[in-house]
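Subject: Structure for your review

Dear colleague,

Please find below the structure that I am handing over to you.

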Amino acid sequence: MTVLGKIHIRKEDISEDFIRASGPGGQNVNKVSTAVQLRFNLAGNETLPEDVKSRAARIAGSRLTQYGEIILQADRYRTRERNREDALERLLELLRKATEKPKPRKATKPTLGAKKRRLDAKKQRGQIKKMRGRGARYDD
């Protein structure tokens, strides 16, 4: 299965379990296992580069198990086929996001105007504090 360009995943790294779903379907929901729980073995995958794996793990967040599997549950639709397609598409989308390299941050210096505004604001704040507490005190 192609994720993006030359990057692909093997079908052996994906397993599916069908479970009972919540949501639309009436009584059918209580009888038929239409929801899909898709498991992708990220840790055992040999086709994805290491940098893509680490970004995928970060993107997956709580969907990543301690054993290195990404678990996606799909129960939006009333049929197994559409839920399977939905779960697979969500996995591929997650992996596509992981292939995008983050743009490196460039260090910048504050502009002269920004420095001046900051110092002016500090002076103004200091003046406000300086004016506090001045004046006559009345004791009874």
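Against which elements do the buried residues of α2 pack? They pack against β2 (7–8), β5 (69–74) and α3 (80–99). Please note that the model is a predicted one. The sections below begin with the overall architecture and then return to this helix.

Overall architecture

The protein contains four helices and five strands. Read from the N terminus, its elements follow the order β-β-β-α-β-α-β-α-α. Of the 140 residues in the protein, 25% are buried. Among contacts with a separation of 6 or more, 60% are between residues 24 or more positions apart. The protein exposes about 10800 Å², and carbon and sulfur atoms supply 50% of that area.

The sheet

Three strands form an open sheet in the order β3-β4-β5, with antiparallel pairing. Its edge strands are β3 (14–19) and β5, each of which pairs on one side only. Neighbouring strands in this sheet are turned by 20° against each other on average, direction ignored. In general, strands of a sheet pair through backbone hydrogen bonds, in either a parallel or an antiparallel sense.

β3 and β4 are joined by six bridges and run antiparallel. β4 and β5 likewise pair in the antiparallel sense, over six bridges. Phe-40 takes part in both pairings: this residue of β4 is the bridge partner of Ile-14, and Phe-40 also stands opposite Ile-70 in β5.

The side chains of β5 alternate along the strand.

α3 lies across β3, β4 and β5, and runs at about 35° to β4. This helix has 20 residues and reaches 29 Å from its first C-alpha to its last, close to the 28 Å expected at 1.5 Å a residue. The buried residues of α3 are Asn-83, Asp-86, Ala-87, Leu-91, Leu-92, Leu-94, Leu-95, Ala-98 and Thr-99. As a general point, an α-helix has 3.6 residues a turn, so residues three or four places apart point the same way.

Which residues have the most contacts inside the largest nonpolar core? They are Ile-9, Phe-40, Leu-48, Ile-70, Leu-91 and Leu-95, in a core of 20 residues. At least two residues of this core come from each of β4 (35–41), α2, β5 and α3. α3 provides the largest share, namely six residues.

Helix α2

In helix α2 (residues 50–60), the buried residues are Val-52, Lys-53, Arg-55, Ala-56 and Ala-60. Just after this helix, Gly-61 takes a positive phi of about 60°.

Leaving aside neighbours within four places in sequence, Arg-55 is in contact with Ala-98, Thr-99, Glu-100, Lys-101 and Pro-102.

With kind regards

Technical notes: Residues numbered from 1 in each chain as written. Predicted model: local features only at pLDDT ≥ 70, side-chain atom pairs only at ≥ 80, totals over all residues. Heavy atoms only, no water. Buried < 20%, exposed > 50% of the residue type's maximum accessible area, 1.4 Å probe, protein only. Contact = heavy atoms within 4.5 Å. Areas by Shrake-Rupley, 256 points an atom, 1.4 Å probe, with all protein chains shown as cover. Core = buried A, V, L, I, M, F, W, Y, C linked by side-chain atoms within 4.5 Å. Pairing = 2+ DSSP bridges. Axes fitted to C-alpha atoms, helices over the stretch in contact; angles between N-to-C directions. Expected span 1.5 Å × (residues − 1).
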